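I opened this notebook to keep track of what I looked up in one structure. The entries follow the order in which I went through confidence, pockets and cores.

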Amino acid sequence: MEPTTGAPVDAVPRRVPVRQQGRRQRDNGPDGDPPDDGGAFWAPIEQVHWDGTPVRKDPAPARLRGFRLALRRAPSRTPPPPDPLPGLAALVVLSLVAAFFAWVSAGPFWLAVGHARTGTVVIDDCSGGGLTLRCRGIFTAEDGRFIAHGVRVSGVPVEGSTAGTALPARMTGPDSGTAYADVGVGRHLRWLPGLLVVLACAAGIVRWTGSARLPGRRHRRWAVAAAIAGPTLITVGFLAAAW
């Protein structure tokens with residue numbers, strides 16, 4: 001078979017005529033008569049198509065051909081896996097922050113929802129001033145069920161920080177160790193910001209550990225649920241301990 005036309009070798013001529021106008025006068029015979037082929041120029045079969053049109057070169061520039069060749073030869077490289085160290089560091093740090101704010105917010109939360117023992121606290125001594133005011137005293141439950149000595153007293157006003165001052169206060173239980181003397185809106189400001197920080201830590205764990213960027217919807221849901229469950233379980237544990 002002939003590779004250019006696909007026909008049998010014996011059935012395809014080795015040359016085909018290509019008529020060119022500019023070669024008519026030059027191809028005439030010695031006496032000025034045109035040749036028998038009518039001025040046709042016979043080109044090799046490798047340089048023309050089956051219908052006599054010349055084979056043209058690839059119009060693509062050499063640079064483009066080289067770029068295509070480089071793309072074919074370039075091996076496929078898979079991106080390296082991400083470094084797990086930043087995600088683990090963020091997980092540990094944010095979990096510790098969530099644990100701290102859950103611990104300091106557990107007692108005020110139960111007091112705000114009404115789970116507390118009312119009574120009276122007598123101030124023993126106070127130190128510091130303003131935001132750094134620290135007081136201790138003796139709490140006596142209203143029904144006389146227990147008396148707690150040396151408890152921390154939170155929410156003491158400046159005028160009530162004198163030793164021997166009796167203030168109405170509340171405690172979640174005899175083992176809580178803290179009596180809260182603040183009333184009104186201030187009691188909600190002791191637990192609400194802390195629990196909001198816990199929620200922010202859960203969102204940060206989801207963000208910095210890459211749980212929301214895992215391939216596959218099912219794996220992504222499980223990873224996000226596990227990231228949120230960590231701070232949630234820590235908060236529930238401190239709430240149960242402060243009950």
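Before counting by element, I noted that helices and strands here are DSSP runs numbered from the N terminus, a helix having at least four residues and a strand at least two.

**Entry: confidence**

I am working with a predicted model. I looked up the mean pLDDT of the protein and found 76, with 66% of its residues at 70 or more. I then asked which elements mark the two ends of the range. Confidence is lowest in strand E1, residues 15-19, with a mean of 49, and highest in helix H3, residues 192-208, at 92. I also wrote down that the pLDDT is below 50 over residues 18-29. Beyond near neighbours in sequence, that stretch has 16 contacts in the model.

**Entry: second largest pocket**

Which element gives the largest share of its lining? H2 does, with 5 residues. The lining includes Pro-82, Asp-83 and Pro-84, and also Trp-208, Thr-209 and Gly-210. Arg-213 and Leu-214 are among the lining residues too. By type, I recorded 7 nonpolar, 3 polar and 2 charged residues in this lining.

**Entry: largest pocket**

Next I looked up the largest pocket, which has a volume of about 1100 Å³. It is lined by 32 residues, and those closest to its centre are Val-104, Arg-152, Ser-154, Thr-178 and Tyr-180. Two or more lining residues come from each of helix H2 (84-112), strand E4 (134-141), strand E5 (147-154), strand E7 (178-180) and helix H4 (217-242). H2 again has an entry here: its 8 residues are the largest share of the lining of the largest pocket. I sorted this lining by type as 18 nonpolar, 10 polar and 4 charged residues.

**Entry: nonpolar cores**

I then turned to the cores. Which residues touch the most other members of the largest nonpolar core? They are Phe-139, Val-153 and Met-171, in a core of 16 residues. Strand E3 (117-127), E4, E5 and strand E6 (166-171) each supply at least two residues of this core.

Leaving aside neighbours within four places in sequence, Val-153 is in contact with Val-121, Ile-123, Cys-135, Arg-136, Gly-137, Ala-179 and Ala-181.

Last, I noted a second, separate core of 8 residues. Leu-94, Ala-102, Cys-201 and Val-206 are among its members.

Definitions and conventions. Residues numbered from 1 in each chain as written. Predicted model: local features only at pLDDT ≥ 70, side-chain atom pairs only at ≥ 80, totals over all residues. Heavy atoms only, no water. 1 Å grid on protein atoms, 1.4 Å probe; cavity = no way out; pocket = protein on both sides within 12 Å on 5 of 7 lines; lining within 4 Å. Points joined across faces, edges and corners; volume = space filled by probe spheres on them. Nonpolar A, V, L, I, M, F, W, Y, C, P; charged D, E, K, R; others polar. pLDDT = per-residue confidence, 0-100. Contact = heavy atoms within 4.5 Å. Core = buried A, V, L, I, M, F, W, Y, C linked by side-chain atoms within 4.5 Å. Buried < 20%, exposed > 50% of the residue type's maximum accessible area, 1.4 Å probe, protein only.
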